[in-house]
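Here's a quick tour of the structure, written for someone who likes the cut-offs spelled out. Have the model open while you read.

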Amino acid sequence: MYVNLIVCFLLFSSVVFGQRVSKKDVLTKLNLANAYWQSNHTPEQWAFWDIAAYHTGNMEAYKLTKKKEYLDYSTKWAVYNQWKGAKSDHKPEWKYSYGEKDDYVLFGDWQICFQTYIDLYQLAPDPTKIARAKEVMEYQMSTPNNDYWWWADGLYMVMPVMTKLYNLTQNEQYLDKLHTYFVFADSLMYDQEEKLYYRDAKYVYPKHKSANDRKDFWARGDGWVLAGLAKVLADLPKDSKHRDVFVTRFNEMAGAVKASQQPEGYWTRSMLDKDHAPGPETSGTAFFTYGLIWGVNNGYLDKKEYLPVVTKAWNYLSKVALQKDGKLGYVQPIGERAIPGQVVDQNSTSPFGVGAFLLVASELYRFLDR
């Protein structure tokens, strides 16, 4: 076993990169990317998904580095948003279709912020930090609806909220509803043949096709799902009656993601049609890489099979996507699909892409630390 670990490490650190990749190097790049983002963006931003996804990565960076400035940045953001997502207090008007206003309280893009609030609570318990999260999710669970997660992104936004709240409250309903909502999402978006998720019902083949008449799986959408499954498995009790469902999907997706990686290490925006929107894309690549290295670290994925995938992806992320000044490029702008002709270049950056990069770097450091 020990010899195998050494072989895997040498494969990772020497064969693929041509030089040893050290913990110091990974940590340097993590700090470079995060320092650039925080020095150029105030923490006083809304609690919607694009910003909130950054904070899920920033909190992992803090857990790893213990840098006070990282903790302070997310704390200021949470305080600015009053530890809430969408702020309406009138429950009869709460909605869960797409919406950016304060009455879309049940829309998952406004609930991802609860992940960071819970993490901050764990570091310094104060009921104020999680009061809104519990209020919203308990109300949601009291309704008969099961179709809350109708788009792939929502599986990253909210599934980890459910497991985190379960671990705080030991309320089994969080895990039962997690399973119920996931089963609906799975029935709506999962392709049994390709082992990947469509972004939502609009994109299911053959109703929707890529430029070359293929199934069109959007990389960032599937990246959300794989990363969300990793986060769920990290928090889900080992003896949970629902665990096998999530393990199966995680392993199936990992195989499909591995098979669709480009030789350069990245994933194209349309995963199975590289010519639909050619060229690298960082956010999907980073979420995939995080999910895969997490799977290796936690014994779900075989090291020999998946470390070459991770190494190629990290080579792209750290040497092509990450610029010398710390700006993370090639992040597809906010959207929901691969768009032919859309320009995504070294200047294309977004908070969620940086958050995904921080997740990868943190998990990769943990691998090297072993």
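## Helix 13

Helix 13 covers residues 351–369, and at 1.5 Å a residue its 19 residues should span 27 Å; the end C-alpha atoms are 27 Å apart, so the two agree. The expected span here is 1.5 Å times one less than the number of residues. Helices are DSSP runs of H or I, at least four residues, numbered from the N terminus. As for cover, 17 of the 19 residues in helix 13 are buried, where buried means under 20% relative accessible area, exposed means over 50%, and partly exposed is in between (1.4 Å probe, protein chains only).

A word on ground rules: this is a predicted model, with local features needing pLDDT of at least 70 and side-chain atom pairs counting only at pLDDT 80 or more, while totals for chains, interfaces and linings use all residues. Residues are numbered from 1 along each chain as its sequence is written, and side-chain values use heavy atoms, leaving out hydrogens and water.

## Salt bridges

Searching the whole structure turns up 26 salt bridges, each a side-chain nitrogen of Lys or Arg within 4 Å of a carboxyl oxygen of Asp or Glu. One of them ties K23 to D369, with the closest N and O atoms 2.8 Å apart. That pair links distant parts of the chain: K23 is in helix 2 (residues 23–40) and D369 is in helix 13, 346 residues apart. K23 is partly exposed at 32% relative accessible area, and D369 is partly exposed too, at 45%.

D119 and K164 also meet through their side chains, at 2.8 Å from N to O. Here helix 5 (residues 113–123) supplies D119 and helix 7 supplies K164, 45 residues apart. D119 counts as buried at 9% relative accessibility, and K164 does as well at 11%. Both belong to a salt-bridge network that also takes in E60, K63, E363 and R366.

E135 is partly exposed at 28%, whereas R132 is buried at 4%.

## Around Y148

Y148 lies in the loop between helix 6 (127–142) and helix 7 (153–169). Is Y148 buried or exposed? It's buried, with a relative accessible area of 2%. Setting aside neighbours within four places in sequence, Y148 is in contact with Y96, L106, Q140, T143 and Y181, contact being heavy atoms within 4.5 Å.

Note on methods. Helix = DSSP H or I, 4+ residues; strand = E, 2+ residues; numbered from the N terminus.
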